[in-house]
Amino acid sequence: MSLIGKKVGEFTAQAYKNGEFIDISDANLTGNWSIICFYPADFTFVCPTELEDLQEQYDELKSLGVQVFSCSTDTHFTHKAWHDSSEAIGKIEYAMIGDPSHHISRLFDVLNEESGLAQRGTFIIDPDGIVQAMEINADGIGRDASALIDKIKAAQYVRTHPGEVCPAKWKESGETLKPSFDLVGKI
């Protein structure tokens, strides 16, 4: 079942961020735009490349008013150990949420019940805590965080311009569409 248009369910968890353990809850996913990226496990192979890539987009995402979170079924202690031992992960400034209970992974429907690991799910959440976009990749397919920039800009544009939609390959300042009877069959 799709989570698009649905409010994020309630959760509380601990996370590692900038040398500290912090508490995170669903309340952290409201009031601002948020991205949460689930990944299978710390100390693996594709995951550090994705999380480092996400860090490389972090400043631009922050400039768009977006909070960034990563989440795996590892603990916040494991996130700290990985952060302290990996050059790629050591660069990360955003919160790394621990989900050893699998509650958050189940809420977002990304838990592989057989392995007990989260799938590669990316969610864009609006300031009301509503999921606006989601993508789930197979374990062997890494994500490109730069694609999130255009998706965030499109979601923000649509939110502030009711009645307009962003067509494929839309870029900021690009033309939008106003769905109407006159457009039917003319695109």
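These notebook entries record what I looked up in a predicted model.

**Ground rules.** I number residues from 1 along each chain as its sequence is written, and I leave hydrogens and water out, since side-chain values use heavy atoms. As the model is predicted, local features need pLDDT of at least 70 and side-chain atom pairs count only at pLDDT 80 or more, while totals for chains, interfaces and linings use all residues.

**Entry 1: aromatic rings.** I paired rings of Phe, Tyr and Trp (its six-membered ring) whose centres lie within 6.5 Å, with planes under 30 degrees apart counted as stacked, over 60 as edge-to-face and the rest as tilted. By this rule I find nine aromatic pairs. One of them joins Phe38 and Phe123 edge-to-face, at 5.9 Å centre to centre and 85° between the planes. Phe38 lies in strand E3 (residues 33-38) and Phe123 in strand E8 (residues 120-125), so this pair ties together parts that are 85 residues apart in sequence. Helices (H or I, at least four residues) and strands (E, at least two) are DSSP runs, numbered from the N terminus. I note both Phe38 and Phe123 as buried; buried means under 20% relative accessible area, exposed over 50%, and partly exposed in between (1.4 Å probe, protein chains only).

I next looked up Tyr157 and Trp170, whose ring centres are 5.5 Å apart with planes at 45°, so the pair is tilted. Tyr157 belongs to helix H5 (residues 147-160), and Trp170 to the segment after H5, 13 residues apart. Tyr157 is partly exposed at 22% relative accessible area, whereas Trp170 is buried at 9%. I also record one aromatic cluster formed by Tyr16, Phe21 and Phe77.

**Entry 2: helix H1.** Is Glu50, at 5% relative accessibility, buried or exposed? I find Glu50 buried, within helix H1 (residues 46-56). Leaving aside residues up to four places away in sequence, Glu50 touches Tyr39, Arg120, Ile141, Gly142 and Arg143, where contact means heavy atoms within 4.5 Å. Eight of the 11 residues of H1 are buried, so the helix is largely enclosed by the rest of the structure. Among them are Cys47, Pro48 and Leu51.

**Entry 3: the largest pocket.** I took a pocket as an open set of points on a 1 Å grid over the protein atoms alone, where a 1.4 Å probe fits, with protein on both sides within 12 Å along at least five of seven lines; lining residues have an atom within 4 Å of a point. The largest pocket has a volume of about 160 Å³, a volume being the space filled by probe spheres set on the points. Of its 15 lining residues, the closest to the centre are Thr122, Arg143, Asp144, Ala145 and Leu148. H1 gives the most to this lining, with four residues.
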